[in-house]
Number of protein chains: 4
Amino acid sequence: MGMVGGGPGAFIGSVHRMAAAMDGQIELVCGAFSGNAEKSKIAGKELYLDPLRVYGTFQEMILEEKKLPPDVRMDLVSIVTPNHVHFEPAKLALENGFHVICDKPVTYNLDEAYALRNLVHSSGLIFALTHNYTGYPMVKQARQMIRKGDLGNVRKVVTEYPQGWLSTLLEATDQKQAAWRTDPDKAGLAGAMGDIGTHAENLTEYITGLKITKVCADISTIVEGRLLDDDGNVLLRFNNGARGILYASQIATGEENNLRIKVYGELGSFEWSQMEPNTLTVRWLNKPTQLLRTGSVGLYPEAVAHTRLPAGHPEGYLEAFANIYRNVAKCIQAKLDNVEVDPIYTDFPDVEDGVRGMEFIYKVIESGKNESKWS
Amino acid sequence: MGMVGGGPGAFIGSVHRMAAAMDGQIELVCGAFSGNAEKSKIAGKELYLDPLRVYGTFQEMILEEKKLPPDVRMDLVSIVTPNHVHFEPAKLALENGFHVICDKPVTYNLDEAYALRNLVHSSGLIFALTHNYTGYPMVKQARQMIRKGDLGNVRKVVTEYPQGWLSTLLEATDQKQAAWRTDPDKAGLAGAMGDIGTHAENLTEYITGLKITKVCADISTIVEGRLLDDDGNVLLRFNNGARGILYASQIATGEENNLRIKVYGELGSFEWSQMEPNTLTVRWLNKPTQLLRTGSVGLYPEAVAHTRLPAGHPEGYLEAFANIYRNVAKCIQAKLDNVEVDPIYTDFPDVEDGVRGMEFIYKVIESGKNESKWS
Amino acid sequence: MGMVGGGPGAFIGSVHRMAAAMDGQIELVCGAFSGNAEKSKIAGKELYLDPLRVYGTFQEMILEEKKLPPDVRMDLVSIVTPNHVHFEPAKLALENGFHVICDKPVTYNLDEAYALRNLVHSSGLIFALTHNYTGYPMVKQARQMIRKGDLGNVRKVVTEYPQGWLSTLLEATDQKQAAWRTDPDKAGLAGAMGDIGTHAENLTEYITGLKITKVCADISTIVEGRLLDDDGNVLLRFNNGARGILYASQIATGEENNLRIKVYGELGSFEWSQMEPNTLTVRWLNKPTQLLRTGSVGLYPEAVAHTRLPAGHPEGYLEAFANIYRNVAKCIQAKLDNVEVDPIYTDFPDVEDGVRGMEFIYKVIESGKNESKWS
Amino acid sequence: MGMVGGGPGAFIGSVHRMAAAMDGQIELVCGAFSGNAEKSKIAGKELYLDPLRVYGTFQEMILEEKKLPPDVRMDLVSIVTPNHVHFEPAKLALENGFHVICDKPVTYNLDEAYALRNLVHSSGLIFALTHNYTGYPMVKQARQMIRKGDLGNVRKVVTEYPQGWLSTLLEATDQKQAAWRTDPDKAGLAGAMGDIGTHAENLTEYITGLKITKVCADISTIVEGRLLDDDGNVLLRFNNGARGILYASQIATGEENNLRIKVYGELGSFEWSQMEPNTLTVRWLNKPTQLLRTGSVGLYPEAVAHTRLPAGHPEGYLEAFANIYRNVAKCIQAKLDNVEVDPIYTDFPDVEDGVRGMEFIYKVIESGKNESKWS
């Protein structure tokens, strides 16, 4: 694997590296960790890479790696840069035959997303989008329960994603994470709705199997001086007629990363919380509430296949993230071996999810400006 | 105290009686427990009342009690009937000099609410509305924290009230509680939004001290054959510019009575859940999260004054309800003694809250039909 | 009902009064609230009692009340004094034909307990001991589950009762509650083990239906200057061979009233916590964990019969306490009506439980001094 | 790193590998994964190892690796075999100049533990024992709080470690994990007390900084046909006079891996639960309860240095485990670079902890047979 971005000061780069390393299926062999060649070198050295394979630009990395023998060169490019540097490296990687794992949202804007979708389809390569919350075992379980009809027809969905870290004008300080996420030139059309709203949207559609068809959004910039939205409240309508609420906020003072979802069906409902991810609370119409637990009994194979430890040994954010990398590795290996991969492992977010996410961003931002209710 | 309603099969009548009895300040002395005189008699007997003071109608009760000597007759009428029988007994009680405690929503329609407000104001009598959740010690604490500015300016509020008991067409069975609550002739303009949406609205305004100025509502009747709404999702705007979400549902399968509120301010936030009411979780901008607990340290006098037990001895729904009765008793006693009552005890929902609730119902139902976003 | 004790400054007296009043089945008609006649009068006035029935001593109360006509005089004496004033009023009440509700532990010493047992048996009167935690609906449910064999043979029990309020030498201040509980002349042989250890012991035997047959105790006085134990750790053996742990502490700094019990059987286990009393967490050998909830589905009639509200409306300490009073009232009424009372209502702690508690105190205090392991 | 054990069917081997790989500091280069050379080969192939460095025995691995050039050969041996195969490979590794990471308990018996201690001391090499629970950030925080005196003098400690997976005679089936852990020839003197009792003991001493000086144990074999203990309840006395309870059980039906510790000091107390490891609940004498959270504010540098993610992104069992590997890697690197390593990273369990654990096993098993109270 080669990495684009993830140099000094980055948060998500090291997350991707830990996730990729955990299962011993993927080796980081090269990288273009920074637009600054010097910084890239330093990062590469800290990562014990061959200095010859630490590149100054992603273009250089992709083109130079391509020249290496197939059994030496990287198979896969991991893109962990800010949003405005997703499309170009993804495009170049695909055009040169490399599989891609890309951080979310998929691109800087919707046109890029559509273009990327075409590229992925025509390339026949693997493209995975790290909506990492879909990698949790209990999220897999939840998705299967809906698919199997355990809750009956879904009637109502409530998805919350409050964070508090942008409660002040943090971008006015030296904080790199805050800086690019609140900068329209790097983040794109949306702030909070792009950064975490798309996670909420993706999780909602992933678990329920439904499509959001209409939104009615109240999008706000609460902190004075900020250039993009930092809070959004959205009413949802789904393709089966279900109703929903989705909100994402980065000014929810004191909140850590409190992504939660509640899905109400005719026969029962469940609730999952990212901060206590190993429990899925299932409430039934006329039976006692159950706690389904990672690694324990009563789970679908999809949940079991994404679990590393016996019940009671908590698995966290990195393990969920690693499930996406592990599944991509399995898919690449299957391609190399020219065999079919069990669909249980192909169920990671892809470019289609990326397009859905970008469409969601455009829709809620538009709705936020609209006087009419539904967009 | 005399009671209107609360005969056999009623739920809320016995709640009111337990709440009234708990502190030994209020004695049930008479009642018109049912429109059916026979049923009223049976109820009165079970309550050990003097048969002469068990009446067939509220009119009879009010007029006959008035004839009794002042030290014998009831001081207070408690109205625990369905919504369509709130206004008339309240009006007659006030016109005859009796204080009133009335269940919510205050009346059947908005015109009655306005008329009742005028009556209360001109009578000089006490009128309390049992938005009982405001009686919890930790709700008192929350309200004071906002008043004192502990969280700074409020920016966002999320209030949830999911119940699951009407997930099926329960009113088609013999269930009395379901029957009147889903019947437009008894409940009024709204179902879930009237029954529990108004609790959510009242709690939101009570705790934050803010006023909801605009709503954008998605109001639904999910269960086929039902005549009133059973689910509503609402975006809120407040008079200080804060944003909010409020939802109430009676088709949230498996949910018990999961009223929750989260208030986000500049300096911190808090979260309170009715089902675990003795904890207020407070999250700060740059300090560890705190758990404030009923009966424990670090609380405002308003919380302390509504607590009966040392910390760790859980106080519940009935105690919160009883706080309203106890406070009304204190106010009546103060009137009798011609003294001022400490404002700590006068802070219960009144006819003004009742009018706000009815206006909220009308607004969200109207918004639910609107194509334009804000009502 | 007449009350002995519970005057100004008392905590448990007002608890008993609220519990007795809640269900409208018991009326407080007289009392000897303090050894100080003046204080007793003040208390009686605050409670709206007829001044003629506010007595200076319990002897006076019992003897004077006996002179009143049967339909006027009290039926029942409630004893809420410190331990050294349990036996005498109980004895006199029973000897004069009055039923008794008494706070725990039952007496000042074991001889009194045995004597009281004889008196109760020969009197044919009702004697209830307020081990109030047995009144919780989920405790009733737990007891029934064991009785019905739902967990199979019980193998292990862990009962914890940490409090923190005596972490400092509080008795050196003016705190009345601390003063008598740490005074050997008033509390008896034990401090923490008598005050709350007996609650833990009673709850353990009540829920499991087992008898503690052997104890091995480490009993300590942690706070310097204190005269009785404030911390005790005990290994248990039960009559069916099960093993157990019980600890009670009043120096567990920061703890409120954290009584918890875990019972492990062959087929499953459950856990109950007094501070969140409306949930019984049941863990099964090969099935998902269940949450049984007060007022919800899947409960035995014994739990249902001790529940006042629909699920999700939290019931607390006072409601559990009131269940004992309500059941005593039902038993008295049945005696008056000369009918059988449903055994569901007779299942409150009695003088036998009182004797067990006193024996437990003597055993653990003795064991604490022993060099040999089991007592 | 070379690994001893961890072949097909092993649980803890893959845990060690994931933990070692996560931070990119340690590379698995060789292994003797099974006593069966064929199985070892298969394992090595699945792990993408050079077949030449997949060995049939640990002796072969150690001796062959030693022949390789220093920059090629392994630095470190990771021993993940059952207890009876800890001492020999550790001895041989140390004698040949390799650092060792060893699973717990440290050896099969106490004599081996003492011998190993001598070997480690004379070798000057690093020996780490994977009492992995000490690697959690909130455990580091807890330890520092005690060291800094935040809770004052410790008075009472309660450590619980219930599991339910051996509630039936699982070893009679084909379950490898159960088989060796209940076999005296492989596990040693103790079953549950060795397997998880030592974790509880180590965590207790690690966090409190105290030494257990006396034990009084009730050790049982509950499941018929089992050869070693599966349940133990222990009273503790500490070197500062504090009291304690420790229990470990593998027949606690329905429990997953519920390691918990509560430490009570003069000024406050805290509680930590392995199954929700990112929260440390701190209760104070006269201040509201606080929740300290991994990655959030108010933490000591020791906690921060063992955290990988921002608050709210749950870190779990593998991350805690990986902290031990990461710290060992840092210590090895420092030795290679001939620099001092920050003591923040040297604070992992070592051979001394291993000896303490073996002494604990011997003491509780002896106490379990004793008629006298304290051993």
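**Entry 1: the contact between the chains.** I looked up the polar contacts between chain A and chain B and found 28 residue pairs, both members at pLDDT 80 or more. I note that this is a predicted model. I then asked which elements of chain A supply at least two residues each to the side that touches chain B. They are strand 6 (154–162), strand 7, strand 8, strand 9 (243–249), strand 10 (260–265), strand 11 (268–273), strand 12 (279–284) and helix 12 (351–369). Strand 8 of chain A gives the most, with 7 residues. By kind, I have the residues on this side of chain A as 18 nonpolar, 16 polar and 13 charged.

**Entry 2: salt bridges.** I counted 8 salt bridges between chain A and chain B. I looked at the one in which the side chain of B:K262 meets that of A:E160, at 2.5 Å from N to O.

**Entry 3: area.** I have about 3500 Å² buried between chain A and chain B, with 53% of that from carbon and sulfur atoms. In chain A, the residues that lose the most area to chain B are A:R155, A:T253 and A:K373, together 20% of what that side buries. The contact takes 47 residues from each of chain A and chain B.

**Entry 4: A:R226.** I located A:R226 in the loop between strand 7 (212–220) and strand 8 (231–238) of chain A. Is A:R226 buried or exposed? I put A:R226 down as buried because its relative accessibility is 7%, and the cut-off is under 20%. Its side chain makes a polar contact with the side chain of A:D230, at 2.9 Å. Setting aside neighbours within four places in sequence, I list A:L166, A:T168, A:L169, A:L170, A:E171, A:T182, A:T221 and A:I251 as in contact with A:R226.

Note on methods
Residues are numbered from 1 along each chain as its sequence is written. Chains are lettered from A and ligands numbered from 1 in the order in which they are written. This is a predicted model: local features need pLDDT of at least 70, side-chain atom pairs count only at pLDDT 80 or more; totals for chains, interfaces and linings use all residues. Side-chain values use heavy atoms; hydrogens and water are left out. Helices (H or I, at least four residues) and strands (E, at least two) are DSSP runs, numbered from the N terminus. Buried means under 20% relative accessible area, exposed over 50%, partly exposed in between (1.4 Å probe, protein chains only). A polar contact is a pair of N or O atoms within 3.5 Å; within protein, one must be able to donate a hydrogen and the other to accept it, and residues adjacent in sequence count only if both atoms are side-chain atoms. Contact means heavy atoms within 4.5 Å. Buried area is the accessible area (1.4 Å probe) that two parts lose on being put together, summed over both. A salt bridge is a side-chain nitrogen of Lys or Arg within 4 Å of a carboxyl oxygen of Asp or Glu. Ala, Val, Leu, Ile, Met, Phe, Trp, Tyr, Cys and Pro count as nonpolar, Asp, Glu, Lys and Arg as charged, and the others, Gly among them, as polar.
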